[in-house]
Amino acid sequence: STPKAVLSYSGAESTLGGELGWSVAISASGDTIVVGAPFDGSSYPYVGVAYVYTTTSAPGTWASSSSPALLTASANSNENTDPRLGASVGISANGNTVVAGAPQQGTDLQGAVYVFTTSGSWTSKNQTAELTASDGGGSDLLGQSVAIGGNTIAAGAYNHFLSSTDRPGTIYVY
C-alpha cells in the first residue's frame, strides 16, 4: 500500500534526531493524529514534545503536512530536565483531549502524564493538567504507556515497586 500523506516537522531536534513518530495515536473520527517525539529539543536535555496534526478534509483524507500544533509541558519545581514528553501518547475518540507520558519527569524519575484539551481547533499550548502517582517512587517511570477512553485515563508505571526487590509495575487510572 502507498501512504496517503507524509506528516513531518522541521523544527528543533536533538543530535539524535527528534524521534518523531516514537508514539502515535489517531482519534476515532480519523481527523486528528497525535505524535510523540520524546527527544525533540535543540540539545540535551531531551524535554520532548507531542505534535497534533489535523485534517480539514474529510476524515481519513490527509494532505502532507509539516505544520502541526506543538504540545509542551510547563516547567515546575519537580521537573527533571530530561522528562521525555511524548514517549507515549493517546487521544480521545472526538480528538479534543490528548494525553502524553513523560516517564522521566521528576528529580527521581517518578514520571508524569500530561493532559491537553481544546474546545475547538488545536493550537500550540502547554498542558491543562499534570497527573502523578499518589504512591509514586523513584524510577517508577509513570507515563511509559498511556491510554484514554471517555473520561478515563490509564497510565503505566512498569517499574513501580512494592518492595526493594519486587518491581511488578502498576497501572494508574484517573
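Buried, in what follows, means under 20% relative accessible area, with exposed being over 50% and partly exposed in between, using a 1.4 Å probe and protein chains only. Strands are DSSP runs of E of at least two residues, numbered from the N terminus.

Some housekeeping. This is a predicted model, in which local features need pLDDT of at least 70 and side-chain atom pairs count only at pLDDT 80 or more, while totals for chains, interfaces and linings use all residues. Residues are numbered from 1 along each chain as its sequence is written, and side-chain values use heavy atoms, leaving out hydrogens and water.

I start with β7. Five of its six residues are buried, so the rest of the structure largely encloses this strand. As for its partners, I count two strands as paired if DSSP finds at least two bridges between them. β7 runs antiparallel to β6, and six bridges join the two; A100 has Y114 in β7 as its bridge partner. β7 is also joined to strand β9, residues 129-131, by three bridges, again antiparallel. There, V115 stands opposite A129 of β9.

Next, the loop between β6 and β7, where G106 lies. Is G106 buried or exposed? G106 is buried, at a relative accessible area of 9%. Between G106 and S139 there are 33 residues in sequence, and their C-alpha atoms are 9.4 Å apart in space.

Now the interior. A nonpolar core here is a set of buried Ala, Val, Leu, Ile, Met, Phe, Trp, Tyr and Cys residues joined through side-chain atoms within 4.5 Å. The largest one has 16 residues, and V34, V52, L71, V98, F116 and W122 have the most contacts inside it. At least two residues of this core come from each of β3 (49-54), β4 (69-72), β5 (88-91), β6 (97-102) and β7 (112-117). Another core lies apart from it, with 12 residues, including A133, L142, V146 and A157.

Back to F116 for a moment. With contact meaning heavy atoms within 4.5 Å, and residues up to four places away in sequence not counted, F116 touches L71, W122 and K125, among others.

Last, the open sheet. Three strands make it up, in the order β10-β11-β12, with antiparallel pairing. β10 (145-149) and β12 (170-173) are the edge strands, each pairing on one side only. Four bridges join β11, residues 152-157, to β12, and A157 has T170 in β12 as its bridge partner.
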